[in-house]
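Dear colleague,

I am handing over the structure below, and my notes on it follow. Please read them with the coordinates open beside you.

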Amino acid sequence: MCDHCDDSCNQLEAEALHNNEQLLNFKVRSKHIDWHMYVKPLRPRYAKPIYLKKQFNLLSNYNEQIDDSNRRELLLCHDMMGNYLEDRHFNSSKKFDDYRFYHWSGVDYFCYFSHHYVTIPPCGWINAAHKHGVRVLGTFITEGHTGDQLLHDVLASREMVNNIVSAMVKLCKHYGFEGWLVNIECKVNSNDMENL
């Protein structure tokens, strides 16, 4: 819980966006709330990242010594029952059996994932990751017939692509997370590849 917590905290709820109109016309649900008061800034890493060493050698033929110069980065993709469960609220959940993650020192990126078009990570996960120096990603996903149409509309022009990218950057800045996992699970026409 934060020092600023009051009735405003009840309005700090993460929610997905479902179409381009919502994304392009994004409005903060509670305009009087400064979200940055509730989001912790990204801290430097406390400990050196974990290197898998022996475990890594068991999984591959890669025998080079692993250190800061050649370490692979790890992305943890949080995909729990569609997400936006009790964790969507600022104060998260009082349930004891909700999803937990303990090994932040082994993770470079934390992605909050759902099958909604644009998934904005909840404040609690942003704060947990930032406390441990882990960068947070939301999800931009296109899948199925609806996703196919949404992506087709986005890729229709360079101007639309730029508008969508600007809207997504605006979301990152407003909510205080670092970027996006882009997950395209539908057919892309060859003439749209340049815009993609």
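In these notes a residue is called buried under 20% relative accessible area, exposed over 50% and partly exposed in between, with a 1.4 Å probe and protein chains only. By that scale R158 is partly exposed, with a relative accessible area of 41%.

This is a predicted model, in which local features need pLDDT of at least 70 and side-chain atom pairs count only at pLDDT 80 or more, while totals for chains, interfaces and linings use all residues. Residues are numbered from 1 along each chain as its sequence is written, and side-chain values use heavy atoms, with hydrogens and water left out.

Taking a salt bridge as a side-chain nitrogen of Lys or Arg within 4 Å of a carboxyl oxygen of Asp or Glu, the count is two. One of them joins the side chains of E194 and R158 at 3.9 Å, N to O; E194 lies in the segment after β5 (179-185) and R158 in helix α5 (residues 158-175), so the pair ties together parts 36 residues apart in sequence. Helices (H or I, at least four residues) and strands (E, at least two) are DSSP runs, numbered from the N terminus. E194 is exposed, at 68% relative accessibility.

Another salt bridge pairs R135 with E73 at 3.5 Å, N to O, linking strand β4 (residues 135-143) to the loop between α2 (54-59) and β1 (75-78), 62 residues apart. R135 is partly exposed, at 29%.

Finally, G144, in helix α4 (residues 144-154), contacts (heavy atoms within 4.5 Å) E185 and C186, leaving aside its neighbours within four places in sequence.

Best regards
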